[in-house]
Amino acid sequence: MLEKLEILPVTVGLEMIAAYSDGLVYSRDALSITIEQIVSDMAGAFLKAKALALKADFLVPEIMPELLSKAYLQAQGLALAANFVDEKNIDIFIRKAVINATTLNSLINKDLNNENIENENPEESQTEDEKDEGSGDDAAAGLGSLFG
């Protein structure tokens, strides 16, 4: 009806250049707030609150999946440290044994290579053999610690 009378809507607004309050002058940038900025601030606040709740072990539905996976990883680490084997973590122990065996194999090969080099120089090998006689018990204890 207003259109027939040629009365059209007008957008009226105040364009702020600056604002003054309690001795402070706020610029246009400080006064302009966009929807994108509000959404970004809200998302950041949510992520910070979620991180705080996770750190404090605060039980809310938003962080339960993270808390459950954190608890599972801690339980796996504890089982590995305590050498507790079951059907769910046997693959971890097999991998650990393979790593230990590989390490032991490389140490043995390294020692064998060093002995071959020492045998080529007999004067040096005699003095080092005398030194190594006292450390034989230490080497056996070190190998035992590889396998728990």
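Student: Is Lys 70 buried, exposed or in between, and how do I read its 32% relative accessibility?

Tutor: Buried means under 20% relative accessible area and exposed means over 50%. At 32%, Lys 70 therefore counts as partly exposed. Keep in mind that this is a predicted model.

Student: Which residue forms a salt bridge with Lys 70?

Tutor: The general idea is a side-chain nitrogen of Lys or Arg within 4 Å of a carboxyl oxygen of Asp or Glu. Here the partner of Lys 70 is Asp 57, with the closest N and O atoms 3.4 Å apart. Asp 57 sits in the loop between α2 (35–55) and α3 (64–81), while Lys 70 belongs to helix α3, so this pair ties together parts that are 13 residues apart in sequence. Asp 57 is partly exposed too, with a relative accessible area of 46%.

Student: How many salt bridges does the structure hold?

Tutor: There are four. Another one joins Arg 28 to Glu 15, with 3.4 Å between the closest N and O atoms. Arg 28 is in helix α1 (residues 28–31) and Glu 15 is in the segment before β1, so the two tie together parts that lie 13 residues apart in sequence. Arg 28 counts as partly exposed at 40% relative accessibility, whereas Glu 15, at 63%, counts as exposed.

Student: Where do Arg 95 and Asp 91 lie, and how many residues apart are they?

Tutor: Both lie in helix α4 (residues 90–120), and because they are four residues apart, about one helical turn separates them. Asp 91 has 37% relative accessibility and so counts as partly exposed.

Student: Now the strands. Which way do β1 and β2 run, and how many bridges join them?

Tutor: Strand β1 (residues 18–21) and strand β2 (residues 24–27) run antiparallel, joined by four bridges. Together they form a hairpin, with two residues between the strands. Asp 22, in the turn, has a positive phi of about 50°. Ser 21 stands opposite Leu 24 in β2.

Student: What share of the 148 residues counts as buried, and how does the total surface divide?

Tutor: Of the 148 residues, 7% count as buried. The accessible surface comes to about 12900 Å², with 62% of that area belonging to carbon and sulfur atoms.

Student: What share of contacts joins residues at least 24 apart in sequence?

Tutor: Taking contacts between residues at least 6 apart in sequence, 12% join residues at least 24 apart.

Definitions and conventions:
Residues numbered from 1 in each chain as written. Predicted model: local features only at pLDDT ≥ 70, side-chain atom pairs only at ≥ 80, totals over all residues. Heavy atoms only, no water. Pairing = 2+ DSSP bridges. Buried < 20%, exposed > 50% of the residue type's maximum accessible area, 1.4 Å probe, protein only. Contact = heavy atoms within 4.5 Å. Areas by Shrake-Rupley, 256 points an atom, 1.4 Å probe, with all protein chains shown as cover.
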